[in-house]
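Hi,

Here is the structure I promised to pass on.

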Amino acid sequence: MQVTLLLAFLLSSVAATEKDSGLIKLNDLKAAKAFVDSAEVVIVGFLESEESRGFSEFLEASKQVESVPAAICSVNEVWVDYSISSDTIILFRKADNHQENLVISEAKKLETDGLVNFITINELRYITEYNQVTAVGLFNSDVKTHLVLFANRGSKDYTELKERLGALAPEFTGKLLFVLINGAVKSNFKSLNYFGLKSKDLPRVGIYDGDSDMKWLLPDGDISTERVREFCQSFLKGELKDMKQAGEEPKTEL
């Protein structure tokens with residue numbers, strides 16, 4: 001609701017500069033910063049004009065990926081603030097405070113489908129559902145630790161848990177990425193097995209640290225905001241490294 005209201009405000013404040021393209025046109029730094037801050041993920045085409053290479057492809061791609069607000073900026077003074085010296089398409093996301101740059105002059109091939117892929121691959125949110133496309137963006141992020149919610153889509157607590165952990169995620173921006181894995185999808189069984197889980201065991205919460213290739217499960221029980229917060233904080237303090245890893249086979253004496 002807040003995002004909708006903020007976008008509505010932006011639309012009203014820059015409506016006079018919106019052209020037939022349907023893209024919001026950002027005319028100053030204040031408008032640009034407000035737009036970038038208006039949603040979890042946004043994309044801006046910093047392009048000289050509507051005749052610029054990539055403009056028509058950017059316009060069409062923005063129509064196809066409606067979940068990501070798009071705008072255009074042709075004001076060089078604004079470009080300077082974002083360290084841009086030539087036509088560039090930038091995806092901004094809050095989950096890891098990252099901006100993904102696509103410099104037009106460096107792109108050998110520029111097509112609508114390619115831009116759609118660029119957006120969807122990098123469309124990481126406060127809680128991102130894992131699939132073959134988002135996996136690329138997740139593992140390319142500088143944030144290598146994932147707080148993973150394993151839940152079966154369609155279960156009674158699926159939506160509630162997704163919203164609960166999505167609301168917690170901003171507290172750990174730049175430290176952990178929150179990932180949702182649908183345990184009801186066969187292609188995700190490998191991820192469940194990696195944590196020693198099966199679909200019938202869900203919902204569960206785990207942490208995967210890409211730097212050390214270690215993983216842990218939150219002890220079975222209520223998946224409350226406070227328990228998950230403490231779990232994340234324990235990882236950040238280094239307290240989990242001495243704990244048994246998820247999926248680890250118990251050692252037996254011979």
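Arg164, Leu165 and Leu168 in H7 meet Thr225, Val228 and Arg229 in H9, where contact means heavy atoms within 4.5 Å. Before going further: this is a predicted model, in which local features need pLDDT of at least 70 and side-chain atom pairs count only at pLDDT 80 or more, while totals for chains, interfaces and linings use all residues. Residues are numbered from 1 along each chain as its sequence is written, and side-chain values use heavy atoms, with hydrogens and water left out.

By class, the H7/H9 contact has three nonpolar, one polar and two charged residues. (Ala, Val, Leu, Ile, Met, Phe, Trp, Tyr, Cys and Pro count as nonpolar, Asp, Glu, Lys and Arg as charged, and the others, Gly among them, as polar.) H7 covers residues 158-168 and H9 residues 225-236, and they pack at an angle of about 50° with their axes 10 Å apart. That angle makes H7 oblique to H9. H7 also passes H9 in a right-handed crossing.

Some terms, in case you need them. Helices (H or I, at least four residues) and strands (E, at least two) are DSSP runs numbered from the N terminus. Axes are lines fitted to C-alpha atoms, for helices over the stretch in contact, and angles run from 0 to 180 degrees between N-to-C directions. Under 35 degrees counts as roughly parallel, over 145 as roughly antiparallel, 65 to 115 as roughly perpendicular, and the rest as oblique. A crossing is right-handed if the near helix is turned clockwise from the far one by less than a right angle, and left-handed if anticlockwise.

The other pair is H3 (residues 55-64) and H5 (residues 112-121), whose axes come within 8 Å and cross at roughly 50°. So H3 is oblique to H5. On the H3 side the contact uses Glu57, Phe58, Glu60, Ala61 and Gln64, and on the H5 side Thr112, Leu115, Val116 and Ile119. Those residues divide into five nonpolar, two polar and two charged.

The largest pocket holds about 400 Å³. Of its 18 lining residues, Tyr130, Phe139, Ile181, Lys190 and Ser191 are the closest to its centre. Strand E7 (145-151), strand E8 (177-182) and helix H8 (189-194) each give two or more residues to the lining, which comprises 10 nonpolar, six polar and two charged residues.

There is also one cavity of 30 Å³ or more. Its lining consists of Ala95, Arg125, Tyr126, Ala169, Thr173, Leu176, Leu177 and Phe178. (On a 1 Å grid over the protein atoms alone, a cavity is a set of points where a 1.4 Å probe fits but cannot get out, and a pocket is an open set with protein on both sides within 12 Å along at least five of seven lines; lining residues have an atom within 4 Å of a point. Grid points are joined across faces, edges and corners, and a volume is the space filled by probe spheres set on the points.)

Last, the backbone. Leu202 and Pro203 are joined by a cis peptide bond, with omega about 10°, and Pro203 sits in the loop between H8 and strand E9 (204-209). Ser83 has a positive phi, near 60°, and is in the loop between helix H4 (76-81) and strand E4 (88-93).

Cheers
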